Amino acid sequence: MDTGSHLLFGATLAGLAALHPVIAHQPELSHAIMAATLIGSHAPDFDTIARLKGYSAYIRIHRGITHSLPALLIWPVVLSIPVTAVFGVWEHAHLVWLWAFFAVVFHVFLDWFNAYGVQCFRPFSQKWHHLDVLSLFEPGLFLLHSAGLLLWLLNVPGIPFGWMFAGIYAVTFMYIGVRTVQHRQAVEVVRRHVGFDGVCHVLPGMLWYRWQFVVETESHFTTGTLHRGVVSIKDVYRKDAADSIVQATMSTDGVRAFLHFAQRVYVISTEQNDGYVVKWRDVRFWHNHQLPFGVDVYLDRNLNVVDQSLGWRKKVWDPPFV
């Protein structure tokens with residue numbers, strides 16, 4: 001999910017920790033827990049530092065090893081030791097570690113439900129796992145947790161805040177459960193409407209009853225939307241056999257990074273005045289009849305690579321929200 005949501009959930013996890021009587025009655029410990037959950041809720045995304053080496057490095061690393069099974073145990077240790085030292089709560093170091101662990105696990109859990117994907121089962125599997133249930137930003141969850149955090153910060157009298165946050169997290173998991181059921185129903189509706197076998201991805205929008213999909217068969221990709229049960233086909237992309245022009249781009253850094261992550265790969269080559277351009281796209285992330293995520297490779301007439309560009313070609317606020 002987005003950074004703001006992860007940090008918000010980190011703060012409300014600290015509120016949930018108030019259920020523990022020792023944490024609730026020791027200000028230094030509660031402050032340590034807050035620091036641990038806030039940092040832990042964002043820690044797996046510290047891999048964004050890879051952007052300094054370029055977008056291809058970022059694609060290879062983001063949501064990879066920092067979101068893996070070993071990382072679920074390593075991050076809490078790395079975070080809890082300095083936090084415990086700063087707040088001087090060594091006698092409760094196990095609680096600081098535990099809540100940092102909860103924050104890291106919840107971060108990876110939410111990313112798993114996103115459409116972008118996460119390599120959360122490394123080192124046992126290098127596969128990208130994504131449940132396509134939650135949008136990058138979920139307004140309902142954000143408002144729910146924001147309201148709880150505001151009441152806590154205002155210290156509204158008469159509210160048992162630990163139990164309030166327990167209720168908020170119960171509603172959160174019910175929300176995710178409902179969205180999961182909706183997603184499964186959406187996939188079935190799309191499959192029935194399209195009427196042919198293939199790999200089907202249905203991605204969520206920020207509105208509950210709006211989804212977009214891509215279905216891949218051996219010969220083509222079909223994209224469309226599902227809105228309140230109504231399926232609309234938008235585009236069909238025919239697959240072509242890779243020719244010598246496409247093959248000439250396979251060894252470029254951008255294409256290798258793209259193929260490391262992409263799943264529904266569509267590639268097309270076009271001729272220009274001074275050579276060719278080959279466009280690699282992941283059709284999962286289509287929007288408004290465009291394919292905004294991929295890599296463009298420019299070649300001269302002798303099929304020598306002269307330039308390449310990897311990344312998103314859309315505004316941040318445009319769908320899909322992954």
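Q: At what angle do H1 and helix H6 (residues 93-112) pack, and how far apart are their axes?
A: In this predicted model, H1 and H6 pack at an angle of about 140 degrees with their axes 10 Å apart; helices (H or I, at least four residues) and strands (E, at least two) are DSSP runs, numbered from the N terminus, while axes are lines fitted to C-alpha atoms, for helices over the stretch in contact, with angles running from 0 to 180 degrees between N-to-C directions. Local features need pLDDT of at least 70, side-chain atom pairs count only at pLDDT 80 or more, and totals for chains, interfaces and linings use all residues. Residues are numbered from 1 along each chain as its sequence is written, and side-chain values use heavy atoms, with hydrogens and water left out.

Q: What makes H1 oblique to H6?
A: Angles under 35 degrees count as roughly parallel, over 145 as roughly antiparallel, 65 to 115 as roughly perpendicular and the rest as oblique. The angle between H1 and H6 is about 140 degrees, which makes the pair oblique. The contact (heavy atoms within 4.5 Å) is made by residues including Phe 9 and Leu 13 of H1 and Trp 99, Phe 102 and Phe 106 of H6.

Q: Why are H1 and H3 called roughly antiparallel?
A: The axes of helix H1 (residues 3-16) and helix H3 (residues 27-40) cross at roughly 150 degrees and come within 8 Å, and H1 and H3 are therefore roughly antiparallel to each other. Among the residues that make the contact are Leu 7, Gly 10 and Ala 11 of H1 and Ile 33 and Met 34 of H3.

Q: Why are H1 and H7 described as oblique?
A: H1 and helix H7 (residues 139-153) pack at an angle of about 45 degrees, with their axes 10 Å apart, and they are therefore oblique to each other. Their contact involves, among others, Leu 8 and Phe 9 of H1 together with Leu 141, Phe 142 and Trp 152 of H7.

Q: What is the handedness of the crossing of H1 and H7?
A: The crossing of H1 and H7 is left-handed, a term used if the near helix is turned anticlockwise from the far one by less than a right angle, with right-handed used if it is clockwise. By that definition, H1 passes H3 in a right-handed crossing, and the crossing of H1 and H6 is right-handed.

Q: Is His 67 buried or exposed, and how do you know?
A: Buried means under 20% relative accessible area, exposed over 50% and partly exposed in between (1.4 Å probe, protein chains only). His 67 has a relative accessible area of 0%, and so it is buried. His 67 is found in the loop between helix H4 (55-61) and helix H5 (69-87), and, not counting residues up to four places away in sequence, the residues it touches include Asp 45, His 107, Asp 111 and Cys 120.

Q: How many disulfides does a search of the whole structure find?
A: The search finds 0 disulfides, where a disulfide is a pair of cysteine sulfur atoms within 2.5 Å. Cys 120 counts as buried at 6% relative accessibility, and Cys 200 counts as buried at 12%.

Q: Why do S5 and S8 count as edges of their sheet?
A: The open sheet has 4 strands in the order S5-S6-S7-S8, with antiparallel pairing, and two strands pair if DSSP finds at least two bridges between them. Strand S5 (265-272) and strand S8 (305-312) each have a single partner strand, so one side of each is left without a neighbour in the sheet. The twist averages 15 degrees from one strand to the next.

Q: What shows that S5 and S6 pair?
A: S5 and S6 run antiparallel and are joined by 8 bridges, with Ile 268 standing opposite Lys 279 in S6. A hairpin through 2 residues joins S5 to S6.

Q: Why is S6 described as largely enclosed?
A: Of the 8 residues of S6, 7 are buried, so S6 is largely enclosed by the rest of the structure.
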